[in-house]
Amino acid sequence: MNDQLIQLCIDKQINALTSIKSLVRTAKYRHLYKFLVKHEGRIFISGVGKNSNIATKISESMASLGIKSGYISPTNYLHGDGGFIEDNDCVIYITRSGTTDEILAMIDHIKETRPTIVQFLLHCNEYAPTNIPIWNMCIPNVKEGDENSLAPTTSTTAFLCLLDTLTIALSAQKGFTRQKFLATHPGGNLGKMLREEKNV
């Protein structure tokens, strides 16, 4: 077992999360947060590959915490799923490179056909092109954890953490309570615990 590689993988993820602690204090992050606080439509999270799993998790977390949300695949969007999105919704994309073909195609199509839909792109590429067509923010210091620095490891952790911060901040701003959580999460041990609190 390569203990050095394992420790390095952990250290890379810690370094990326440390960068996020600084990123959430920047004007760019606050701009995104302030927009989402005032936003009345749904927040769609979009990504391809491994990021599709992160995007799905975040949209589900938002829904359970009282935020109108959904997941949409850029590939499926281009094959008819664009009908899920309404003109007062917004889209947040996650892509390590910032140049994923399917995401750029979706961005361009929305800009051309439905310009009222506000779009945001989160990426990890400090050398991303300067002509990205929508608002974008880079998570710095993201180095993948595998031996070849290729497989999504650190980048998926970083996206998960960054979007979790937005989720919990938006939910708190909306005054979401423990009993409101019970309304969206009646099952499992959490549901049982909250029902017992309600009946005390």
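**Salt bridges and overall build**

Author: Start with E144. It counts as buried, at 4% relative accessibility. This is a predicted model, by the way.

Reader: Which residue does the side chain of E144 meet in a salt bridge?

Author: R96. The N to O distance is 2.8 Å.

Reader: Where do R96 and E144 sit in the chain?

Author: Both are in loops. R96 is in the loop between strand 3 (90–95) and helix 5 (101–113). E144 is in the loop between strand 5 (135–138) and helix 6. They are 48 residues apart, so the pair links distant parts of the chain.

Reader: And R96, buried or partly exposed?

Author: Partly exposed, with a relative accessible area of 32%.

Reader: OK. How many salt bridges are there in the whole structure?

Author: The search finds 6. One of them joins the side chains of K57 and D164, at 2.7 Å from N to O.

Reader: What does the K57 and D164 pair tie together?

Author: Two helices. K57 lies in helix 3 (residues 50–64) and D164 in helix 6 (residues 154–173), so the bridge ties together parts that are 107 residues apart in sequence.

Reader: How accessible is K57? And D164?

Author: K57 has 31% relative accessibility, which counts as partly exposed. D164 is at 25% and also counts as partly exposed.

Reader: What about R178, who does it pair with?

Author: E197. Their side chains meet in a salt bridge at 2.5 Å, N to O. R178 lies in helix 7 (residues 178–184) and E197 in helix 8 (residues 188–199), so this pair ties together parts 19 residues apart in sequence.

Reader: Accessibility for R178 and E197, what are the numbers?

Author: R178 has a relative accessible area of 48%, so partly exposed. E197 counts as partly exposed too, at 33%.

Reader: Which residues do salt bridges with shared partners join into one network?

Author: R42, E86 and D89.

Reader: Switching topic. Which residues make the nonpolar surface patch?

Author: M1, I6, I10 and I14 make it, and the patch covers about 430 Å².

Reader: Where is I6?

Author: In helix 1, which spans residues 3–23. I6 is partly exposed, with a relative accessible area of 38%.

Reader: Now the fold. How many helices and strands?

Author: The protein chain has 8 helices and 5 strands. From the N terminus on, the order is α-α-β-α-β-α-β-α-β-β-α-α-α.

Reader: How does the radius of gyration look against the globule rule?

Author: It is 18 Å, close to the 16 Å the rule gives for 200 residues, so the chain is as compact as a globular protein of that length. The C-alpha atoms fill a box of roughly 55 × 50 × 35 Å along the principal axes.

Reader: What share of the residues is buried?

Author: Buried residues make up 42% of the 200.

Reader: And the contacts, what share joins residues at least 24 apart?

Author: 69%, among contacts between residues at least 6 apart in sequence.

Reader: Last one. What is the accessible surface of the chain, and how much belongs to carbon and sulfur?

Author: It comes to about 10,800 Å², and 55% of that belongs to carbon and sulfur atoms.

Methods. Residues are numbered from 1 along each chain as its sequence is written. This is a predicted model: local features need pLDDT of at least 70, side-chain atom pairs count only at pLDDT 80 or more; totals for chains, interfaces and linings use all residues. Side-chain values use heavy atoms; hydrogens and water are left out. A salt bridge is a side-chain nitrogen of Lys or Arg within 4 Å of a carboxyl oxygen of Asp or Glu. Helices (H or I, at least four residues) and strands (E, at least two) are DSSP runs, numbered from the N terminus. Buried means under 20% relative accessible area, exposed over 50%, partly exposed in between (1.4 Å probe, protein chains only). Patches are made of residues with over 30% relative accessible area and no salt bridge: like charges are joined within 9 Å, nonpolar side chains (Val, Leu, Ile, Met, Phe, Trp, Tyr) within 5 Å. Accessible areas come from the Shrake-Rupley method with a 1.4 Å probe; for residues, only the protein chains shown count as cover. The radius of gyration is taken over C-alpha atoms; the globule rule is 2.2 Å times the number of residues to the power 0.38. Contact means heavy atoms within 4.5 Å.
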